[in-house]
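Visitor: Before the discussion begins, may the sequence and the structure be displayed? The terms applied to this structure are to be set against their definitions.

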Amino acid sequence: MIGDLYINSQDAWGQWKVAMGDGFIGNLLLPAGNKDLIENESRLEHGKRIIYNNPKVDSREVTLTFNIHGDSESEYLSNYKKFVEVLQAGKVTVRVPKIDMTFTLVYKKSTSFALSRSRMNSKLSVKFEEPNPKDRE
């Protein structure tokens with residue numbers, strides 16, 4: 001887990017005991033769609049004209065699930081609070097060395113939360129916007 005995920009250039013496990021959740025890499029790699037093509041409908045012509053050249057990629061929303069851990073209830077709660085502060089700062093860079101890619105994301109909201117019975121582990125699903133998927137490193 002150490003070195004599997006970096007958030008804002010910090011090792012997520014070493015800093016907050018945060019790991020990737022279900023479908024994490026798949027959701028990151030899901031391609032963004034294209035913006036609508038330029039179209040023109042004229043009453044003087046049949047159908048419509050569509051300009052196909054030079055398509056542009058649209059921004060996209062991505063939902064990522066994070067697993068947050070602690071060796072005690074108090075350590076878990078501390079890790080959780082610090083991690084949420086990082087998310088709520090707005091701009092979040094996520095780097096996954098396994099796929100050698102970095103994503104610049106904007107925190108929108110948390111969509112679900114599940115806490116274990118031990119209160120030392122949780123799953124947090126977070127919705128981000130990727131403003132410009134073409135800027136991935």
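Visitor: Why is glutamine 15 called partly exposed?

Guide: The model is a predicted one. Glutamine 15 has a relative accessible area of 42%. Buried means under 20% and exposed means over 50%; the value for glutamine 15 lies in between, so the residue is partly exposed.

Visitor: Where is glutamine 15 found?

Guide: Glutamine 15 belongs to helix 1, which comprises residues 12-16. Its C-alpha atom is 9.8 Å from that of isoleucine 2, a residue 13 places away along the chain.

Visitor: Which residues does glutamine 15 touch, not counting those up to four places away in sequence?

Guide: Gln10 and Asn79 are the residues touched under that condition.

Visitor: What makes the link between the side chains of glutamine 15 and glutamine 10 a polar contact?

Guide: The side chains of glutamine 15 and glutamine 10 are joined at 3.3 Å.

Visitor: What joins strand 6 to strand 9?

Guide: Ten bridges join strand 6 to strand 9 (residues 121-130), and the two run antiparallel. Among the bridge partners are valine 62 and phenylalanine 128, the latter in strand 9.

Visitor: What makes strand 6 mostly covered?

Guide: Strand 6 spans residues 60-69, and eight of its ten residues are buried.

Technical notes: Residues are numbered from 1 along each chain as its sequence is written. This is a predicted model: local features need pLDDT of at least 70, side-chain atom pairs count only at pLDDT 80 or more; totals for chains, interfaces and linings use all residues. Side-chain values use heavy atoms; hydrogens and water are left out. Helices (H or I, at least four residues) and strands (E, at least two) are DSSP runs, numbered from the N terminus. Buried means under 20% relative accessible area, exposed over 50%, partly exposed in between (1.4 Å probe, protein chains only). Contact means heavy atoms within 4.5 Å. A polar contact is a pair of N or O atoms within 3.5 Å; within protein, one must be able to donate a hydrogen and the other to accept it, and residues adjacent in sequence count only if both atoms are side-chain atoms. Two strands pair if DSSP finds at least two bridges between them.
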